[in-house]
Amino acid sequence: MASRAFPLGLAAPALAALLLALVAAPLAAVAWRGAGLSLGPADWAAIRFSATQALLSAIFSTLLAIPVARALARRSFPGRGLLITLMGAPFLLPAVVAVLGLLAVFGRSGLINSALAALGLPPVSIFGLHGVVIAHVFLNLPLATRMILQGWLALPAERIRLAQSLGFTPRETFRHLEWPMLREVVPGVALVILVICLTSFAVVLTLGGGPSATTIELAIYQAVRFEFDLSRAAGLAGVQVALGAAAALAAWTVARPAGFGAGLDRKLALTAPAGWRRGLDGLALLLAAAFLALPLLAVVLRGLPGLAELPALVLPAAGRSVLVALISASLATAAALVLALAAARRPSPTIEAAATLPLATSGLVLGTGLFLLLRPFVSPMSLALSVTVLVNMALSLPYLYRVLLPEARALQADYGRLADSLALRGRARLRWLVLPRLARPLGFGAGIAAALSMGDLGVIALFAGERQATLPLVVQQLTGAYRIEAAASASLVLVVLSFVLFWACDAGGRRAGA
């Protein structure tokens, strides 16, 4: 009876069905409108460029992350925790800000070209395929490093101790311990980055463009925004979804288990070899830190002088961005909590599908589908902010659900039967049991959702007019107009607001869960 009386028993399936409809209906509209479309040479060029840049970005991000993660795993030094924290920053960093920082370092008047000019050497260009790959490596190298580092930290201490007792050389340790782990972890890491880069929009909008450097996402944007060719946009959106699904299937096929088995949860680091290997580890960490810190520092230094003279459109756009971020994060957090609690009580394929399906699409694909659905009834521009809230909520939901699900399962295993026997249900159960126990992951997840929504430049670029522009769109417009100083100041405001929102949500969750 307690299970039936608990409101989530009815709320979760209804919410899951609503979320499935929110994602499936735009995809169905895309499939219907794009059916029978024949792709032209420009479309095939966009598909090839999308696959090429995503593949190169995934390869370079993953390969460069391996020595960095290895050095972090086996070296102890002052500032190690700070460096690991820095590795998490680009995940929350708006892509338009990252691009602006890279322009300050690699752009026409950036640090690299200034140094080359002083040496009498020709300048390098950040635009085109290599610029897109550099930007994606900047954004995804930290994510790849953190994910691969978890693989090293998960090596059973018993295996490490056995290797030490047998006198394994560094080469033998790599062959018998590290290589099997990498063979298991790296394909999944590369998959995540490949899918992220396939759906990249802000990076290519700024550093790509032109016939030879257009991705599917950018082609969709151009087809809707400039050509108003909805059939072509829908067809390209269908191709985008198919590419993402193919990438996921390929990575699932390639991944292989390491076969170590479970340990006893003892903590034991790998032996840190001395000599030239110590120097290589230090060099890898130094180069990674410089590569990540220089663009961020450049944005700060360029943005500070212009804060007193921000363009008039920045502050209203900042207010709209904060409002969109807070609403979408609140909706995503509430939805993820309902689904995670229901899945912890009784696993359901419908709930799992509702929490996973958004990963197969992107903001621009959903925006195209919603554009097709709304246009016969209302002007999509008038609903730009509302649609942005819904799309951001749907796209951040899978992250929050994965954060909350393990904690919800532990809560149900530890206290579920006791709460049911006490007839603790409804608001009382939420107030006295769920929220206090899940406050920390709720705050962390809400912070991620707010920061991701704050920096989103996808569906808003498709729908917005001047009065609906959010801060990332304003930054992109200022950059496109070559008002780099104003763009840097607006970017600094965007970065500060994104991290303040994340910090406020995360700190609030930790305080409530203390």
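**Close-up 1. The left-handed crossing of helices α7 and α13.** In this predicted model, α7 passes α13 in a left-handed crossing, a term that applies when the near helix is turned anticlockwise from the far one by less than a right angle, with clockwise giving right-handed. Helix α7 (residues 129–153) packs against α13 at an angle of about 110°, and the two axes lie 10 Å apart; axes are lines fitted to C-alpha atoms, for helices over the stretch in contact, and angles run from 0 to 180 degrees between N-to-C directions. The two helices are therefore roughly perpendicular to each other (65 to 115 degrees, whereas angles under 35 count as roughly parallel, over 145 as roughly antiparallel and the rest as oblique). From α7 the contact draws on I134, V137, F138, L141 and P142, and from α13 on F291, L292, P295 and L296, where contact means heavy atoms within 4.5 Å. By class this contact has nine nonpolar, no polar and no charged residues (Ala, Val, Leu, Ile, Met, Phe, Trp, Tyr, Cys and Pro count as nonpolar, Asp, Glu, Lys and Arg as charged, and the others, Gly among them, as polar). Helices (H or I, at least four residues) and strands (E, at least two) are DSSP runs, numbered from the N terminus.

Residues are numbered from 1 along each chain as its sequence is written. Because the model is predicted, local features need pLDDT of at least 70 and side-chain atom pairs count only at pLDDT 80 or more, while totals for chains, interfaces and linings use all residues, and side-chain values use heavy atoms, with hydrogens and water left out.

**Close-up 2. The contact of α13 with α21.** The axes of α13 (residues 276–303) and α21 (residues 484–512) come within 8 Å and cross at roughly 110°, which makes α13 roughly perpendicular to α21. This crossing is left-handed. In α13, the residues V299, V300, R302 and G303 meet I484, E485, A488, S489, S491 and L492 of α21, and the contact divides into five nonpolar, three polar and two charged residues.

**Close-up 3. The packing of α14 with α21.** Here the helices pack at an angle of about 25° with their axes 11 Å apart, and α14 and α21 are therefore roughly parallel to each other. The crossing of α14 and α21 is right-handed. V314, A318, V322, A325 and L326 of α14 meet A490, L497 and L501 of α21, a contact made up of eight nonpolar, no polar and no charged residues.

**Close-up 4. The second largest pocket.** Its volume is about 420 Å³. On a 1 Å grid over the protein atoms alone, a pocket is an open set of points with protein on both sides within 12 Å along at least five of seven lines, a cavity is a set where a 1.4 Å probe fits but cannot get out, and lining residues have an atom within 4 Å of a point; grid points are joined across faces, edges and corners, and a volume is the space filled by probe spheres set on the points. α20 (471–480) is among the elements that each supply at least two lining residues, together with α5 (95–106) and α10 (202–207), and α20 gives the most, with three residues. The lining has six nonpolar, six polar and two charged residues.
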